[in-house]
Amino acid sequence: MSRFEWPVRVYWEDTDAGGVVYHAQYLAFMERARSEWVRDLLGDQRAVKSAHGIVFVVRAMQLDFRSPARLDDALTVSVMPTEFRGASLLVNQTVERDGVVLVEARVRVASVDADTFRPAPIPVSLIDTLKNPRNA
């Protein structure tokens with residue numbers, strides 16, 4: 001499995017009065033990176049919904065804040081899938097500045113039926129693409 005990276009710049013709207021990134025803003029940075037990862041490999045989320053009748057939702061997240069990001073920082077947000085189950089996957093994510101990890105996260109993403117929001121299996125073809133992007 002390979003690591004996907006997405007660049008992010010810290011803007012005023014991301015920070016408090018001291019120029020430090022709000023803790024909740026890291027969630028937005030990570031969401032954007034996961035969305036771009038899916039887009040890169042599977043097409044946009046509407047295409048996945050239309051073709052397979054599923055959507056991905058965050059089920060659980062564990063965060064470790066190590067060091068703050070600040071106004072104007074150029075960050076790299078990574079996505080690394082580590083585990084696939086029938087209706088969920090686990091991804092490790094980091095937010096880094098110049099190779100230094102600022103925030104680490106373990107994110108459990110569930111696959112749910114687009115109409116009922118009940119758990120739905122991830123199609124094997126999607127798992128294969130997410131695991132082996134070079135073969136897609």
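User: Which residues does P121 touch, and what makes something count as a touch here?

Analyst: P121 touches I54, G86, A87 and S111, leaving aside residues up to four places away in sequence. Each of these counts as a contact because heavy atoms lie within 4.5 Å, which is the definition of contact. This is a predicted model, in which local features need pLDDT of at least 70 and side-chain atom pairs count only at pLDDT 80 or more, while totals for chains, interfaces and linings use all residues. Residues are numbered from 1 along each chain as its sequence is written, and side-chain values use heavy atoms, with hydrogens and water left out.

User: Where is P121 found, and why does P121 count as exposed?

Analyst: P121 is found in the loop between β5 and α3, where helices (H or I, at least four residues) and strands (E, at least two) are DSSP runs numbered from the N terminus. Its relative accessibility is 61%, so P121 counts as exposed, given that exposed means over 50% relative accessible area, buried means under 20%, and partly exposed lies in between (1.4 Å probe, protein chains only). The C-alpha atoms of P121 and R85 are 8.4 Å apart in space, although the two residues are 36 apart in sequence.

User: How do you know that V103 is buried?

Analyst: The relative accessible area of V103 is 0%, and therefore V103 is buried. V103 is found in strand β5, and, not counting residues up to four places away in sequence, V103 touches Y26, M30, L63, D64, F65, Q93, T94 and V95. F56 is 47 residues from V103 in sequence, and their C-alpha atoms are 22 Å apart in space.

User: What makes Q62 count as exposed, and what does Q62 touch?

Analyst: Q62, which lies in strand β2, has 54% relative accessibility, and so Q62 counts as exposed. Not counting residues up to four places away in sequence, Q62 touches E104, A105 and R106.

User: Why is α1 called roughly perpendicular to α3?

Analyst: Two packed helices are described by the angle between their axes and the distance between the axes. Helix α1 (residues 25-42) and helix α3 (residues 124-131) pack at about 110°, with their axes 10 Å apart. That angle makes α1 roughly perpendicular to α3, since 65 to 115 degrees counts as roughly perpendicular, under 35 as roughly parallel, over 145 as roughly antiparallel and the rest as oblique. The axes are lines fitted to C-alpha atoms, for helices over the stretch in contact, and angles run from 0 to 180 degrees between N-to-C directions.

User: Which residues in α1 and α3 meet, and what are they by class?

Analyst: W37, L41 and L42 in α1 meet L126, T129 and L130 in α3. By class, this contact of α1 with α3 has five nonpolar, one polar and no charged residues, where Ala, Val, Leu, Ile, Met, Phe, Trp, Tyr, Cys and Pro count as nonpolar, Asp, Glu, Lys and Arg as charged, and the others, Gly among them, as polar.

User: How do you know that the buried residues of α3 are on the same side?

Analyst: The buried residues of α3 are L126, I127, T129 and L130. They cover an arc of only 165° around the axis, which puts them on the same side of α3; the arc is that of the directions from the helix axis to the C-beta atoms. What covers these buried residues includes α1, α2 (45-52), β2 (54-65) and β3 (74-84). D128 is also placed in helix α3, but at 40% relative accessibility D128 counts as partly exposed.

User: Why is the aromatic pair of F4 and W6 called stacked?

Analyst: The structure holds three aromatic pairs. In the pair of F4 and W6, the rings are 6.4 Å apart centre to centre, with 10° between the planes. F4 counts as buried at 14% relative accessibility, whereas W6 counts as partly exposed at 31%. Ring pairs also link Y26, F29 and F65 into a cluster.

User: Where does D98 lie, and what makes D98 count as exposed?

Analyst: D98 lies in the loop between β4 (88-97) and β5 (100-113), and its 77% relative accessibility is why D98 counts as exposed. D98 has a positive phi of about 50° although it is not a glycine. D72, found in the loop between β2 and β3, has a phi near 75°, a positive value in a residue other than glycine.

How values were computed:
Rings of Phe, Tyr and Trp (its six-membered ring) pair if their centres lie within 6.5 Å; planes under 30 degrees apart count as stacked, over 60 as edge-to-face and the rest as tilted.
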